[in-house]
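User: Please go through the model below with me. I will ask about its fold and its surface.
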Amino acid sequence: MRFSTKFRAAIIALAALAGVSVATTASADSGSIRFSVLKAGIVVGGSGGSGSMTFKGRSYPISIGGLSYGFTFGASQTEFRGRVSNIRRPSDVAGVYAAAAAGAAVGRGAQAIVLTNQNGAVLALSGRQAGLIVSADLNGMAVSLR
C-alpha cells in the first residue's frame, strides 16, 4: 500500500507537533503563591489585594484586582495560598482568571478553587474567608506582578 506524499507530510507534521507539545509541557515549572483579597459588593462587586509568588527560590510581589456581577451582598476577606503550575517564567502568572462561583460566609469559612489564565498558568488555591457575604456570581480576577 502506497501512502501519498501529502499524507506522509501530514503524519510527519503531526509527530513534530506532538514532540514540541511534550517538550513545552516538560519545560514548564511550578511555584507557590499566597495573597489576601478583600471583596465587597451589592449586585456588582469589586475585589482587590496583594501577596507574593515564590518561583525558583525568588519571591515576586503580586497585586490582585477584580469585578463580579450577579447576586452579591456583603463583604469578606480571604487569605489564599496554593500552587501555581505550568509556568516557565514569573510573568506567566500575570493575566485574567475567570470563574462562576456561589457561596456564603458568616464569620469564618473555607474556599478552594482552580483557575487558569490565558498563558496556561494554573492556580490551585485554598483559603480561609472571614466576613458576611452571600454571592452567586460571575467574577474575574486579574493578577499582575508589581
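Analyst: Helices (H or I, at least four residues) and strands (E, at least two) are DSSP runs, numbered from the N terminus. The model is predicted: local features need pLDDT of at least 70, side-chain atom pairs count only at pLDDT 80 or more, and totals for chains, interfaces and linings use all residues. Residues are numbered from 1 along each chain as its sequence is written, and side-chain values use heavy atoms, with hydrogens and water left out.

User: Which pattern does the chain follow along the sequence?
Analyst: The chain has 1 helix and 4 strands. Read along the sequence, their pattern is α-β-β-β-β.

User: Where is D92 found, and is D92 buried or exposed?
Analyst: D92 sits in the loop between β2 (58–87) and β3 (95–116). Buried means under 20% relative accessible area, exposed over 50%, partly exposed in between (1.4 Å probe, protein chains only). Because its relative accessibility is 7%, D92 counts as buried.

User: Which residues is D92 in contact with, leaving aside its neighbours within four places in sequence?
Analyst: Contact means heavy atoms within 4.5 Å. With those neighbours left aside, the contacts of D92 are I87, N117, N119 and A121.

User: Which side chain meets that of D92 in a salt bridge?
Analyst: A salt bridge is a side-chain nitrogen of Lys or Arg within 4 Å of a carboxyl oxygen of Asp or Glu. By this rule the count is 1 salt bridge. The N to O distance is 3.7 Å, and the partner of D92 is R89.

User: What is the relative accessible area of R89?
Analyst: R89 is partly exposed, whereas D92 is buried. The value for R89 is 47%.
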